[in-house]
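Reader: I'd like to learn how to read ring contacts and metal sites in a model. Could you walk me through them?

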Amino acid sequence: MLTAIHPAREMLALRLQDARARTDELFSIIHPAAIYRRPVPERHRLIFYMGHLEAFDWNQICRRALDVPSFQPEFDRLFEFGIDPEPGRAPADTEADWPSRDQVGQYNRKTRQIVDDRLADAPEEILHVAIEHRLMHAETFAYLLHNLPYQDKLAPKASLSPAGPPPDSSWIAIPAGQAVLGQKRGDGFGWDNEFEAHAATAAAFRLAKHKVTNSEFLEFVNSGGPAPHYWVARGGQWLYRAMFREVPLPLDWPVFVTGEQAVAYAHWRGKRLMSEAEFHRAVGNRLYPWGDSPPTPERGNFDFTRWDPEPVNATPGGDSEHGVSQLVGNGWEWTSTVFTPFAGFQAFPFYPGYSANFFDGRHYVLKGGSPRTAACLLRKSFRNWFRPNYPYVHASFRLAEDC
Ligand SMILES: [Fe+2]
């Protein structure tokens, strides 16, 4: 019996099934007529992602790792790569350039069947890559859905987090010391950019206990600062464009902003963003800010429990040993660190561009996680990166200052 012989492989097969259910759920939210829409100009049409997840699994597991002959090579290529153009250089394809939803559905069903038949032969690392790739897309696809007009979405039953007591604006001193970045080879799966593990010395600094809220950012907007992408002004009031409806601006939620807006706000307050090493100092030496126990909803807002943020002070159970709140979940955190490789970086030979295509000095590291970040991606060594002017990511920030 497979379970008795290969329990690790069986676990990966189950995780792949779970991840598929997660992404299938996302496509079931799109109104059928909206599948060719392109809600974010710098990304592909939605139909691409429907084919991309299976094409990726096919190309990695069947084609590259196991040399299985392709049954539909033109789809393997059409759906192989996503895009990240300079802002304003959006692709110019038309709906007619893409196959029908039924054709993509057939390709997907057949791909899953063959992948599942061959799963026992696939290298474990490639299965991790397939699972995490899919879960990362489950998150970035949620950004696309967030930008899709409400009439194009079928809202699941979900309630918004209620407001609580206003967050305090306290600061926490983090002593000077060494931060360990990255992970050791052999300690489990990690993407190419998570290696090698190394220590970085950080000077003492002070960090805001909470992420910057909509309320705090509103003061900046009222004094002439730029309005965040998900805010909309109606009748002289700011509303927040939540995933499935507009709501009065939730004052105690973290503000989602671009990296440039985060830096501008910090300067306006006479502060700065934290660096990637400072994030690690703030988290501490345990697996997660709260310790070594696995992520659960009382620790933070992540792993698809919610579609939208919750108040910045809603989850004290996730505080770090120094008392910093929500270092993980409720919005990625912009850092001041440019995305570059760690010493000893080696690209995956089977996916050479995963990180290396973005070591261009134009992407910044984000840490932590958003409401739609899968639990397995909350590991401390995981690094996310975006252009500092990309407005669609669920990214927050907090203020730091020198001691
Ligand atoms: Fe992808």
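Reader: How many aromatic pairs are there by the rule you use?

Author: Rings of Phe, Tyr and Trp (its six-membered ring) pair if their centres lie within 6.5 Å; planes under 30 degrees apart count as stacked, over 60 as edge-to-face and the rest as tilted. The count here comes to 41 aromatic pairs. One of them, Trp-332 with Phe-382, is tilted, at 6.1 Å centre to centre and 40° between the planes. Trp-332 lies in strand E8 and Phe-382 in the loop between strand E9 and strand E10, so this pair ties together parts 50 residues apart in sequence. Strands are DSSP runs of at least two residues (helices, H or I, at least four), numbered from the N terminus.

A word on the basis: this is a predicted model, where local features need pLDDT of at least 70, side-chain atom pairs count only at pLDDT 80 or more, and totals for chains, interfaces and linings use all residues. Residues are numbered from 1 along each chain as its sequence is written, and side-chain values use heavy atoms, with hydrogens and water left out.

Reader: Which atoms are the protein donors of the iron ion?

Author: Donors are N, O and S atoms within 2.8 Å of the metal (3.2 Å for Na, K and Ca); water is not among the atoms, so sites may look incomplete. Here they are NE2 of His-52, His-133 and His-137, 2.1 to 2.2 Å from the iron ion. His-52 in helix H3 and His-137 in helix H6 are 85 residues apart, linking distant parts of the chain.
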